[in-house]
Amino acid sequence: MSGGVDSSLAAALLLEQGYNVVGVTMRLSDESRDASPDDRSCCSLSSVSDARRVADVLGIPHYVMDFTESFEHAVMDYFFDEYLRGRTPNPCIACNRYIKFEGLLHKARELGASHIATGHYARIDRDEDGIYRLRKGVDLEKDQSYVLYHLNRKTLPYILFPLGGFTKNETRRMAEAYQLPVAYKAESQEICFVPHDDYKTYFRKRRPECARSGDIVDRMGDVRGRHDGIAFYTVGQRRGLGIAAPRPLYVTALNAKENQVIVGEAHEVYAQELVASDLSWTMWDSLTAERTAMAKIRYGKREASAVIFPYNHGRIRVRFADLQRAVTPGQSVVFYENDIVLGGGVIDDVVMA
């Protein structure tokens, strides 16, 4: 229970369905946004208070579990390290993978709980052979299946997503009907541990080496300007380059070894293929043959038709039917068959058009 409307309603629905519900709030980071009067972070003291108030309304126990040490290692260190490697991480995926659906699930099983449940907008069902499947949420505007692709045959049987069949508007109306005090609480911030969304200040405080300036160069290696740290740039970025040019320039790649930001014109931001590793499949152990699927290269991006090939060293190669803009190393590519999540992996290399 993060203190928001989604997890609060999830608890209420499960209670109504006859489950013996225990509310758990995870303490993840001491660097939340409590200093801000409009703090909406899932890590904040105010969110813990909101979760406790909801638990009181529902008449269920509420506990706070400390995951700060594992969160620091699995999410925050990963976040910094990826940026310093010239990649763009997704800390929400890492948090779901290592903290919520590994750490919390393990703790819940130790305590004798049959399942853990969250307020994610996704669904889990079983096919005619009894195989559990991860599916998109009914509300495609809120669907969160992209950040859940690490769930698999070992974990899916022990997870519940009570909100997967509802829209966000329906969630708020039901929360109001249940008289939950957070029915119309604003959405939580996505990156919960960066105070005030001030990335540059936070990076300089936690990893001063990220602010090492260097050259902005074009594909031919000609210097076009200076940057103030590759951690502050991402593929596809146009604003903030500080370069005067006859045509708009965009970040096309980051070279951590040479500490360079590489720029090019609009057409140079498009790619035909990518290579991905750190793979996870929801219903099988590995990809053994070529497969056609719909692929999504970042949260909020539309899916695109692609062919997936087994590749060397346990990786896969993905070839898109149409060119894709700003394919970004460090982000995840997730594969779908209709509304079923097949799995995904982390983008390592990009084959430009």
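This is a predicted model: local features need pLDDT of at least 70, side-chain atom pairs count only at pLDDT 80 or more; totals for chains, interfaces and linings use all residues.
**Helix α3 and Met76**

Helix α3 covers residues 68–84, and Met76 is one of its residues. Met76 has a relative accessibility of 1%, so this residue counts as buried; the cut-off for buried is under 20%. Gly130 lies 54 residues from Met76 along the chain, and the C-alpha atoms of these two residues are 37 Å apart.

**How α3 and α4 pack**

The crossing of α3 with α4 is right-handed.

Which residues of α3 meet α4? On the α3 side they are Ser70, Phe71, Ala74, Val75, Tyr78 and Phe79. Their partners in α4 are Pro91, Ala94, Cys95, Tyr98 and Ile99. Of the residues in this contact, 10 are nonpolar, one is polar and none is charged. The spacing of such residues can be read with a general rule: an α-helix has 3.6 residues a turn, so residues three or four places apart point the same way.

**The surroundings and ends of α4**

Several residues of α4 are buried, among them Pro91, Ala94, Cys95 and Ile99. Those four also take part in the contact with α3. Other buried residues of α4 include Ile93, Asn96, Phe101, Leu104, Leu105 and Ala108.

| Element covering α4 | Residues |
|---|---|
| β1 | 23–27 |
| β2 | 62–66 |
| β3 | 116–117 |
| β6 | 159–160 |
| β15 | 332–337 |

At the start of α4, a side-chain oxygen of Asn90 comes within 3.2 Å of the backbone nitrogen of Cys92. After α4 comes Gly112, which has a positive phi, near 95°.

**Lys136 in strand β5**

Strand β5 consists of residues 132–136, and Lys136 belongs to this strand. The side chain of Lys136 makes a polar contact of 2.5 Å with the side chain of Glu303. Leaving aside residues up to four places away in sequence, Lys136 touches Ala122, Arg123, Asp143, Ser145, Glu303, Tyr336, Asn338 and Asp339.

Notes: Residues are numbered from 1 along each chain as its sequence is written. Side-chain values use heavy atoms; hydrogens and water are left out. Helices (H or I, at least four residues) and strands (E, at least two) are DSSP runs, numbered from the N terminus. Buried means under 20% relative accessible area, exposed over 50%, partly exposed in between (1.4 Å probe, protein chains only). A crossing is left-handed if the near helix is turned anticlockwise from the far one by less than a right angle, and right-handed if clockwise. Contact means heavy atoms within 4.5 Å. Ala, Val, Leu, Ile, Met, Phe, Trp, Tyr, Cys and Pro count as nonpolar, Asp, Glu, Lys and Arg as charged, and the others, Gly among them, as polar. A polar contact is a pair of N or O atoms within 3.5 Å; within protein, one must be able to donate a hydrogen and the other to accept it, and residues adjacent in sequence count only if both atoms are side-chain atoms.
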